[in-house]
Every structure is written in structure tokens, then in C-alpha cells.
Amino acid sequence: MKIAGIDHVVVRISNLDRSIAFYCGVLGCALDWRRDDIGLAHLRVGNAFVDLLVSTPFPADGLRNMDHLCLSVEGFDLEEAKAHLRANGITPGEEGRRYGASGWGLSLYLEDPDGNGIELRG
């Protein structure tokens, strides 16, 4: 078996509309399919999905859903990213040079509206 890439990541959230607004409006994901009947939204990120799933109570077990989700950003500019986040009411977190699937690169941490960690990476 050879893994070819990530198909999707599921993030448990507390409010579907708020999370869609954040992931699409702030981060630039695209809403592909919304399933209100089960509290699920599939967001397109390149060739993959970030799936948002409403979980009640939230967080279900008192723990966070994951440490963080790392999103690759084309033409990543750290200062532009921080300014964009601040303009959208998001406080940028720790920045630094980190190792990931594409090697070493500059990245920036932040949190989504439910406190899930996100890393934006160039």
C-alpha cells in the first residue's frame, strides 16, 4: 500500500454557520456540500476536504479534537497573513520555521472559533 495524499480531515465544531464563515470567509476554503440534516459541511481545500461536523456537547469528551490542522498556502507571506487574520478579528499565534511534508517552511499558528489549532504554511 502507498498513501497518495490526504482525502479529508474531520474537525468537530460547535456551530456550523460560524465555522463555515471562518474556514471559507477567512481562510479561503470553498463550501462543496452542506448536510444540515447531520450537521456536516465538506469544504474544498485543493484536492482534499476539511469536513466540519457539529458535535454536541462540545467538546464531547472535554478534550480538543486534534492538536492542529496544517494548511499549505500558495504564495504565503507572513506579514500579509497576519494582517488578513487581524482584519477578520483573528489573533495570529506563534510564527516560525517548521518542518512539514514539503520540507522546511515559514508558518503561523491560529485557532478556529472552537479553539482548534490551525497552522498556515508556505
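Ser-72 stands opposite Arg-121 in β8. The model is predicted, so to speak of local features we need pLDDT of at least 70, and side-chain atom pairs count only at pLDDT 80 or more, while totals for chains, interfaces and linings use all residues. Residues are numbered from 1 along each chain as its sequence is written, and side-chain values use heavy atoms, with hydrogens and water left out.

β5 and β8 pair in the parallel sense over five bridges; two strands pair if DSSP finds at least two bridges between them. Strands (E, at least two residues) and helices (H or I, at least four) are DSSP runs, numbered from the N terminus. β7 and β8 pair in the antiparallel sense, also over five bridges, and here Leu-110 stands opposite Ile-118. These two strands form a hairpin with five residues between them, and Gly-115 in the turn has a positive phi of about 85°.

Which way do the residues of β8 point? Gly-117, Glu-119 and Arg-121 point one way, Ile-118 and Leu-120 the other, and all are buried, that is, under 20% relative accessible area with a 1.4 Å probe, protein chains only (exposed is over 50%, partly exposed in between). In a regular strand the side chains alternate between the two faces of the sheet.

Now the core. In the largest nonpolar core, of 25 residues, Tyr-23 and Leu-52 touch the most other members. Such a core is a set of buried Ala, Val, Leu, Ile, Met, Phe, Trp, Tyr and Cys residues joined through side-chain atoms within 4.5 Å. Its largest share, six residues, comes from α1.
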